[in-house]
Amino acid sequence: MRNLKLQRVIIASVVALSFCQVTACDQESGSRVIIAGSTSVQPYIEILAEAYAIERPEIEIDVQGGGSSAGITAAMSKTADIGMSSRVLKDEEQDLWSIEIAKDGLAIIINPNNPINDLSLEQVCEIYTQGITNWSEVGWGTTKQNNTKIHIITREDGSGTRSAFEELVMEGKQISPRAIVQDSNGAVRQLVADDPNAIGFISLGLVENGEKPVKALSLDGVYPTHENVVNGQYQLTRPFLLIAFAEPTGAADEFIQYIMSEPGREILRSEGLIVE
């Protein structure tokens with residue numbers, strides 16, 4: 001983990017210095033940009049903000065979580081300069097300004113001690129409605145007496161990760177009220193890493209981001225790789241969006257321009273996101 005963090009700092013420093021060579025570094029100073037919303041998008045914006053601070057230390061980038069719906073609401077009410085969302089905008093939200101900064105896969109994760117490697121989308125749906133309640137029903141062990149009851153972990157209502165999962169997997173069915181609810185991808189990941197019987201869903205880019213390992217499952221025989229997300233074979237994909245009440249100006253616009261520049265996009269690629 002220490003080496004990974006050091007590598008991120010080095011990458012951030014290099015790309016920030018590169019960006020400074022191609023952008024005006026003497027624009028308005030003393031500005032603050034408030035960004036709020038998706039906890040899936042949040043860690044990537046924080047890394048970008050750290051890199052941007054090397055070039056523009058006079059601009060404060062304040063990054064907060066809260067979930068996609070909270071970020072969209074913050075953009076609508078102008079309590080945040082920029083909202084973050086990991087789900088597509090609904091019809092009533094289409095008047096907001098938005099830009100896609102990357103695509104992400106949604107990974108179904110289990111504990112590495114679980115021998116299961118592949119599930120169908122139908123099986124995942126059945127697990128989350130509790131039509132399937134024991135790992136023996138999908139191949140781990142031979143009887144329900146093996147004490148391999150499935151512990152389902154989900155995100156909270158309003159989470160873009162949950163919205164994407166419900167749209168892409170659940171097909172209108174409800175996640176069981178017995179599911180253990182967590183308020184971040186990191187919390188879901190931690191529970192699955194600690195529980196051999198658990199299953200959860202998180203951002204694909206965060207599968208390798210933790211002290212303890214988790215295992216991403218293939219779905220209907222297709223593994224969640226960047227290549228399979230890009231070529232469309234892996235079905236669980238979603239956009240990472242930045243949103244504002246109107247087209248951003250000033251320091252907010254400058255930070256978005258940095259994100260969409262090649263140095264910013266290279267940071268997103270290095271962190272495991274899909275950037276076209």
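Contact here means heavy atoms within 4.5 Å. The model is predicted, so local features need pLDDT of at least 70 and side-chain atom pairs count only at pLDDT 80 or more, while totals for chains, interfaces and linings use all residues. Residues are numbered from 1 along each chain as its sequence is written, and side-chain values use heavy atoms, with hydrogens and water left out.

View 1. I72 sits in helix α3, residues 68–77. Helices are DSSP runs of H or I with at least four residues, strands are runs of E with at least two, and both are numbered from the N terminus. Beyond residues up to four places away in sequence, I72 touches S85, R87, L89, E93, L96 and I243. I72 and I243 are 171 residues apart in sequence, yet their C-alpha atoms are 6.9 Å apart in space. I72 counts as buried because its relative accessible area is 1%. The cut-offs are under 20% relative accessible area for buried, over 50% for exposed, and partly exposed in between, with a 1.4 Å probe and protein chains only.

**View 2. The largest nonpolar core and a separate one.** A nonpolar core is a set of buried Ala, Val, Leu, Ile, Met, Phe, Trp, Tyr and Cys residues joined through side-chain atoms within 4.5 Å. The largest has 73 residues. Those with the most contacts inside this core are I45, Y128, F165, I199 and F255.

**View 3. F255 and its ring cluster.** With residues up to four places away in sequence left out, F255 touches I35, I45, L48, A49, Y52 and I61. Ring pairs link F255 with Y52 and Y258 into a cluster. Rings of Phe, Tyr and Trp (its six-membered ring) pair if their centres lie within 6.5 Å; planes under 30 degrees apart count as stacked, over 60 as edge-to-face and the rest as tilted.

**View 4. The F165–F201 ring pair.** The model holds eight aromatic pairs by this rule. One of them, F165 with F201, is stacked, at 3.9 Å centre to centre and 5° between the planes. The pair links distant parts of the chain. F165 lies in helix α5 (residues 160–170) and F201 in strand β8, 36 residues apart. F165 counts as buried because its relative accessibility is 0%. F201 counts as buried because its relative accessibility is 1%.

**View 5. Helices α4 and α5.** Helix α4 (residues 121–129) packs against α5 at an angle of about 120°, with the axes 9 Å apart. That angle makes α4 oblique to α5. Axes are lines fitted to C-alpha atoms, for helices over the stretch in contact, and angles run from 0 to 180 degrees between N-to-C directions. Angles under 35 degrees count as roughly parallel, over 145 as roughly antiparallel, 65 to 115 as roughly perpendicular and the rest as oblique. On the α4 side, L121, V124, C125, Y128 and T129 take part. They meet F165, V169 and M170 in α5.

**View 6. Strand β8 and its two partners.** Strand β8 covers residues 198–203. Six of its six residues are buried. Two strands pair if DSSP finds at least two bridges between them. Five bridges join β8 to strand β4 (residues 97–110), and the two run antiparallel. L106 has S203 as its bridge partner in β8, and I108 has F201. Strand β6 (residues 151–155) runs parallel to β8, with two bridges. There, I152 is partnered by I199.

**View 7. Strand β4 with β11 and β9.** Eight bridges join β4 to strand β11 (residues 237–244) in antiparallel fashion. W97 has A244 as its bridge partner in β11. Strand β9 (residues 215–216) also runs antiparallel to β4, through two bridges. In β9, K215 is the bridge partner of I110.

**View 8. Helix α9 and the residue beyond.** In helix α9 (residues 262–270), the buried residues include P263, G264, R265, I267 and L268. G272 follows α9, with a positive phi near 100°.

**View 9. The whole chain, for orientation.** The protein has nine helices and eleven strands. Of its 276 residues, 52% count as buried. Among contacts with a separation of 6 or more, 76% come from residues 24 or more positions apart.
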